[in-house]
Amino acid sequence: MGSPDLSVSIGAIRMKNPVMTASGTFGFGREYGRIFDISALGAVVTKGVTLEPRAGNPPPRLWEVPCGILNSIGLQNPGLEAFIRDEAPRLAGCGVPVIANISGDTTAEFCEIASRLEEVPGVEGLEINVSCPNIHAGGQPFASDPESVYRVTSSVRRATPKTLIVKLSPNVANIAATARAAEMGGADAVSCVNTYLGMATDTVRMRPVFPRVFAGLSGPAIKPLALRAVWEVAAAVGIPVVGIGGICSARDAVEFFLAGARAVAVGTGNFISPTACLEIVAGIRSYLEERGIRAVADLVGRAQGAVSGNAGGAGQARSGCTQ
Ligand SMILES: Cc1cc2nc3c(=O)[nH]c(=O)nc-3n(C[C@H](O)[C@H](O)[C@H](O)COP(=O)(O)O)c2cc1C
């Protein structure tokens, strides 16, 4: 058998391998580009870009917890114009598909960003961050209601022909319903998951660590939670799922493929080892070679099929009491 086929497609984006970066943990690839050749990645997902520049939240912004970090960055970014002028042209020459992660306060803002990115060379796809607050819904995240996920997805769909990924929030009662709303709205894929809401309390100052109280939990601490979310979502939709949450090794990535992810994104793992993505690509190749598996695509959803009588996918898995 020759070398296994690691390539996967997400919408119109053909990736040489299934490993991408998770938004906000790789900047715009500048710093990591000094450490390794980023063309070895399946795709680069950028830091969240907003219409106007954002300064982000006051410190502290990061807080280490066992097996993870809490972050409250507040979407610090240079804004769309600077992204188009300073980052996109450089990224376009890097030999790797670029997916711009975008955030907005309103559906109209998402659409404006999407249409202004339409002509930008090198940006092959958009990932819309529906975890951000919708000012027309009293600041509730878009993700908190499948109807608003449908509205923002279908509006952005009309604004761009580029590959459209909807990044799901795990902080909802029914993530499968949100995923279905994204699919119905015309998303080419969903990425799953964003950070889990958590908090930390400062026992010296006797107050919350973060000025905004709640922060997003990421890293190995969330891996089993994210895996379950991917399982549920993969059983609920027909579009590809990008698995995200605590992936630090090839074995973690393979767990997500078996649960139904077509590709994976590495976030906090990049902070632990800046070359984590490369090691994960190499480890996936070895895993396939050792087992004589021809292609990474052959792993996708295999564990779902292994659960006997799992016609309803997640429904079946959820039916038993876990205590
Ligand atoms: C410091 C930091 C910044 C992040 N910024 C963004 C962002 O701008 N947009 C977004 O959609 N997700 C953002 N995320 C969420 C990650 O992309 C990812 O979904 C989450 O961290 C879970 O993956 P992980 O456990 O591998 O880190 C951020 C995460 C971290 C840790």
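In which sense do strand S11 and S14 pair, and over how many bridges? Strand S11 (residues 196-199) pairs with S14 in the antiparallel sense, over four bridges. The model is predicted: local features need pLDDT of at least 70, side-chain atom pairs count only at pLDDT 80 or more, and totals for chains, interfaces and linings use all residues. Residues are numbered from 1 along each chain as its sequence is written.

**Strand S14**

- Strands (E, at least two residues) and helices (H or I, at least four) are DSSP runs, numbered from the N terminus.
- Two strands pair if DSSP finds at least two bridges between them.
- Met199 has Phe214 as its bridge partner in S14.
- Strand S6 (residues 68-71) also pairs with S14 in the antiparallel sense, over three bridges.
- Ile69 has Ser218 as its bridge partner in S14.
- S14 spans residues 214-218, and four of its five residues are buried (20 or more other C-beta atoms within 10 Å of their own, with C-beta atoms placed from the backbone).

**Helices H4 and H5**

- Helix H4 (residues 146-159) packs on helix H5 (residues 175-184) at about 25 degrees, with axes 8 Å apart (lines fitted to C-alpha atoms over the stretch in contact; angles run from 0 to 180 degrees between N-to-C directions).
- H4 is therefore roughly parallel to H5 (angles under 35 degrees).
- On the H4 side, Pro146, Val149, Tyr150 and Thr153 make the contact (C-beta atoms, placed from the backbone, within 7 Å).
- On the H5 side, Ala177, Thr178, Ala181, Ala182 and Met184 make the contact.

Notes: Buried ≥ 20, exposed ≤ 12 C-beta atoms within 10 Å, placed from the backbone. Parallel < 35°, antiparallel > 145°, perpendicular 65-115°, else oblique. Contact = placed C-beta atoms within 7 Å.
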